[in-house]
Protein chains: 4
Amino acid sequence: MEIRIGLVGAGWMGKTHIKAFINAFINFGPKYGKPVFETVSDVSAEAAKNVCKQLGFSKWTTDWKEVVQDERVHIVDIATPNAFHYEVAKAALENGKHVYCEKPLSLSAEQSIELAKMAKQKGVVNYVGYNNVMNPANAYIKDLVQSGKLGQIIGFFGIYSQDSLLDPNLPITWRHINKYSGSGALGDLGSHILSVSQFILGNIESVIALPKTVIKQRPVSPGSLELADVENDDLITILAKYENGAVGTILASRVAPGRKNYLTYEIQGTEGTVYYSLERMNEVKVYFTSDNSADRGFRTVFLGPEHKGYSAFYPAAGIAIGYNDMKVLEAHELLSAVSKGTPYICDFEFGAKIDQTVSAILESAAKQNWINVRNKGGVTI
Amino acid sequence: MEIRIGLVGAGWMGKTHIKAFINAFINFGPKYGKPVFETVSDVSAEAAKNVCKQLGFSKWTTDWKEVVQDERVHIVDIATPNAFHYEVAKAALENGKHVYCEKPLSLSAEQSIELAKMAKQKGVVNYVGYNNVMNPANAYIKDLVQSGKLGQIIGFFGIYSQDSLLDPNLPITWRHINKYSGSGALGDLGSHILSVSQFILGNIESVIALPKTVIKQRPVSPGSLELADVENDDLITILAKYENGAVGTILASRVAPGRKNYLTYEIQGTEGTVYYSLERMNEVKVYFTSDNSADRGFRTVFLGPEHKGYSAFYPAAGIAIGYNDMKVLEAHELLSAVSKGTPYICDFEFGAKIDQTVSAILESAAKQNWINVRNKGGVTI
Amino acid sequence: MEIRIGLVGAGWMGKTHIKAFINAFINFGPKYGKPVFETVSDVSAEAAKNVCKQLGFSKWTTDWKEVVQDERVHIVDIATPNAFHYEVAKAALENGKHVYCEKPLSLSAEQSIELAKMAKQKGVVNYVGYNNVMNPANAYIKDLVQSGKLGQIIGFFGIYSQDSLLDPNLPITWRHINKYSGSGALGDLGSHILSVSQFILGNIESVIALPKTVIKQRPVSPGSLELADVENDDLITILAKYENGAVGTILASRVAPGRKNYLTYEIQGTEGTVYYSLERMNEVKVYFTSDNSADRGFRTVFLGPEHKGYSAFYPAAGIAIGYNDMKVLEAHELLSAVSKGTPYICDFEFGAKIDQTVSAILESAAKQNWINVRNKGGVTI
Amino acid sequence: MEIRIGLVGAGWMGKTHIKAFINAFINFGPKYGKPVFETVSDVSAEAAKNVCKQLGFSKWTTDWKEVVQDERVHIVDIATPNAFHYEVAKAALENGKHVYCEKPLSLSAEQSIELAKMAKQKGVVNYVGYNNVMNPANAYIKDLVQSGKLGQIIGFFGIYSQDSLLDPNLPITWRHINKYSGSGALGDLGSHILSVSQFILGNIESVIALPKTVIKQRPVSPGSLELADVENDDLITILAKYENGAVGTILASRVAPGRKNYLTYEIQGTEGTVYYSLERMNEVKVYFTSDNSADRGFRTVFLGPEHKGYSAFYPAAGIAIGYNDMKVLEAHELLSAVSKGTPYICDFEFGAKIDQTVSAILESAAKQNWINVRNKGGVTI
């Protein structure tokens, strides 16, 4: 059996998706059908053509509608800039396709909820690419939390900081303009930490946020003296109350000097603490109050075959997995779901909950007040 | 010349103060007068007597008023439980003494402001024991900030977590009851991180806080089945806006598993970041965007003779200073101020500003709203 | 153009090689011909058949000679157990094939030198799979050394420790028997650290070693009460003199509790030090004496686009590469060499030098004396 | 009761000793007699006079013989340059004094053995200042080893590196000339790591060493163009066999860029590993194979009241002790021994064993061969 894939968006992320399908198959296959690359579209004909040739698609186009309407395509894979996710995903659902949409699902809670409901109705596989959820470290940590090994959960303290946009000479892009991005560091980076939080602790009840735009204007193009306004947060700090009674803090920044891919979080419970940093992707730090007190301390646990997902790559602990391997696990889960109906985590409802939270955070920042998450988007998911 | 000290409170902290005076003298002396230990008082006659003998006081008493009225005493050193600081400090000032008061100055912004004004009026040395300020690491970091090496400051992210009160079997103490403590983890631990923040970044403008009492009741005595209510925060999370435009988050907890003396903070500027953790007291991590990009990363700088205060202890870098050495530097600064009129940082005004911030944080937690710090205590300092 | 590959040995390492070819092509291609998988052989028909199907070979066999004689095959890829490398590589060379041989080249310096000479004579691409050499971290470190940024090199201090064979209940395998393995931890793990050392510092002049067999006997099969002798080193410590005047220590162990993939090394020069650990694969620690002394410390540099090889995977620093990515870079270098004649590092001569060093180490351990490396194998390479 | 101390040598180390006595008394006293500072001698009258005044001695002299002959003196404390230790210690023993000698005991195994025998004969307290032995971390680690928690010991891997003498412009001193120093980094730094090794693992059986002089000549005085030869090791690497069957490596360097006070060691046993670095003095890393494999990793244990010696300073874990605190524990052990006859570790025999090992290491370096430790100094201790 073949699983035929149509790709919308032939940039770095689109290629990353296709490479992930290839590696999922060579690591896990042939447990399920072989991914076959049917059509690729991009607004740039050259980009589409190159990806077509390099990664072995059957054909290419500059019209994404051809992809969603292609009868041979089983999965529509959306890797466009964020502002187009909603429209393409909706059309793909309308054509009865399975949909694999890079995060975020849309730029608003309303649209994301609409897509989640529609996907449920259609009964297709609907997958949103919060790849960090698939990190074997997070599966291990969720297990620590759910097994009760950390006791009752007290708090979640998460950060996702980078310095990718620290340089004030970098020109303005779609990321700085809300009609294209929805928000700044919050949607780009904060949503990843929210995905981990949603996965492990469940729903956030209410939030209050303090954003900051550090670089208020940027050149309209490299080297230009003409400046345009940055409309959204370079940095945002958030307090959160979880439905399970835990408290939380979240920090997202795209202007944090020295922080490269600093997705970190700490979860404290009454019987232990766990800490993780994506910059040291292969190690989890965990502390158990039950250890003998003279010998008690944070343990640095290297990922290994005991941790779900890892053994797809290596037979022994401590051999480093990398970022792309998270995407491989994501592609694997998706291919399993499509070919065998296995359950998966990051469905559109999961994505819509994150967008509800993002929406509440933005409102709390604007109103400088605590905002409930549940009714964002006009509906409770 | 002798500098004669009267001590009120002969517990662990009182002894720590006296040991610090002794070591200040043997490390820095004889640049100034020799500290001489005149009178020690404690509600426990035995405690007073023991300290008198062990540390070489001339006499002891159970009546603290004898200390503040003792004509031979130059400095009244207050190391009682927090609830008594105000009364003793006030009486000492009324008697024209120099006052060395362990933190906090009092349990309310009002009282602290009163003491600060009174001390200024009297013209005596007035010192509050925020010992972390004296850490050579903090002097180095303040210099990094003030020299502009980190650019314009964006944010301050501070934590002080311990697990000292995590065990639910530990009985209730004065720390859990507001009339004795004012607040929970906030006043006990959070105030230390506030002191560092005040020292390096200056005033906080407004705050909003989310507290949590994790262990809601505790035995009235060890092993007792009778329970009493814990009245204050085991854990508190705070967002802050600084007067200089920076944003901040602060977390304080006395129930954080595995965190022993986890006072950490990160300061990000437009040209660099600095990170510090008291658990690794002798190293500062600093990142400069100006470093050549291929070789750029956080530097782990070990404290050494270039960093103010360190050379009192050791002639070369990397030889570990310890917690007590911060108190030695504090005692040294105080002895210098008394004998030579040198300037010092942690005066009563400094302490009152921290108590104003604590007061605003408590109000923000109660009202679930942003609160301005300035007018707490009914007056602007 | 196609580059047709014949694989000898269909175990974990063989599959790892083929996956590396696939990923090299999808990351770097189509700069060179597409790797095509022609024939796979294994003593196990089932293993050969499975790999044939899963990874897309045209045919399979149980007779490796069919692979080396296959006229369609351009590259013979050898991933058998170590003891068979020599025979297969020799036959492949005799048939005029390019050869990609997993490390080590053979079990003796003599045989490796013979292969190296033969390969040079034949003028084919001859590549030995010391994958750590291809780590972008090592390329960066070699550049630090060769550029003179660390001054004159004083010493190299390397370790490769694992605890994979710590459990005494694990049965005896070919790794414990010298006619199959040549040596123990030395050949298995130590050779990797020697490859890095050879790459960065060049030839070792003389060595003295102290080996230790910690678990002297093992069950002949899982759970058996019958025991067989372990013939070689579980752990070995080595002193080394380099031709460039530097001194070195090397430690290799397969019985080091808690060490999972602990390949670490430190290189000290008169103007700086660099440290690396494969367990934290994405970060290099480097210290420059030229930094301003108050701000001087080891820098934690995350791998990024400035470091050779990294940008094949990610566009920004701090996104984790993993172990397999080293094999991808190796496959890339090999495919480039075959299709475009580009130079490469890990040729058979490079591999033979490592085997010469291993041979001298074993002799030094037996004779308990310093041994010169150069004349091992009866000849100077 | 008073314990009267006479100090020979009023430099930094002499003052450090006296401060340690003062702090031992104020931390542990009055369990034993009060240390009283009777006489201080130094070749520099000014140094002697200053220490006399600052630290409260009764009198001073430039003639050390007055100290050892002073009838009021109970303990002769020797803190001269190394070359004078033997002569002063011998005279002190002849006068029946307790002797506290800074390390090393002498510059040769012969002289140290002579002192050890003489001290035993005299029945006095004889203490050599290997302060690292008194570190609470080492007491904890020794307990881990001796309790069998790490299984059978396999290896000891120790380093003591600094960069204090890396700068080639620093002029020649007594440390570079063998008649004053005996050896270079080996005696100065390596002896400290040997002391820890001797304390925890016991005797070394045989050694082989490779030394290196990195900076072969130095100015005779600061800025001078006249150069003098450096006679001894800037760096030395050593392989060792222990009497208990373990193997070891030792590295000592005074020219290791970035290493400030890098005394580190790792002990591996069949059931666990422990690692320690003095640069992070308050934490010990320990790994137990008995931990559940999914949650297994090195634990970072902060020193606390459970670890011997720590509770003298602080009531809770994670409050940093510093370098001087090791000297305080040393002074405490000595005062206990003198006043109450309690046992102690670092006696002259312990010191002589280290000097025997140093002697064997030097011989092995000269002869480039393995040397037995036992018969160094012409006798077996």
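Two strands pair if DSSP finds at least two bridges between them, and strands (E, at least two residues) and helices (H or I, at least four) are DSSP runs numbered from the N terminus. The views show a predicted model, in which local features need pLDDT of at least 70 and side-chain atom pairs count only at pLDDT 80 or more, while totals for chains, interfaces and linings use all residues. Residues are numbered from 1 along each chain as its sequence is written, chains are lettered from A in the order in which they are written, and side-chain values use heavy atoms, with hydrogens and water left out.

**View 1. The open sheet of chain B has six strands in parallel pairing.**
The strand order is β3-β2-β1-β4-β5-β6. Because β3 (59-61) and β6 (126-128) of chain B stand at the edges with a single partner strand each, one side of each is left without a neighbour in the sheet. Neighbouring strands are turned by 20° against each other on average, direction ignored. Within the sheet, β4 (residues 75-78) and β5 (residues 98-101) of chain B pair in the parallel sense over four bridges, and Asp77(B) has Tyr100(B) in β5(B) as its bridge partner.

**View 2. Chain B and chain C meet through 17 residues from each chain.**
Contact here means heavy atoms within 4.5 Å. The two chains bury about 1300 Å² between them, 38% of it on carbon and sulfur atoms, where buried area is the accessible area (1.4 Å probe) that two parts lose on being put together, summed over both. In chain B, Ala294(B), Asp295(B) and Arg299(B) lose the most area to chain C, together 43% of what that side buries. Four salt bridges are found across this interface, each a side-chain nitrogen of Lys or Arg within 4 Å of a carboxyl oxygen of Asp or Glu. One salt bridge joins Asp295(C) and Lys149(B), at 2.8 Å from N to O.

**View 3. β16(B) and β16 (residues 298-302) of chain C pair in the antiparallel sense.**
Three bridges connect these two strands, and Phe298(B) stands opposite Thr300(C) in β16(C).

**View 4. Chain D and chain C meet through 38 residues from each chain.**
About 3200 Å² is buried between chain D and chain C, 65% of it on carbon and sulfur atoms. On the side of chain D, Leu210(D), Leu239(D) and Pro257(D) lose the most area to chain C, together 18% of what that side buries. Two salt bridges are counted between these chains; Glu266(D) forms a salt bridge with Arg259(C), with the closest N and O atoms 2.6 Å apart.

How values were computed. Axes fitted to C-alpha atoms, helices over the stretch in contact; angles between N-to-C directions.
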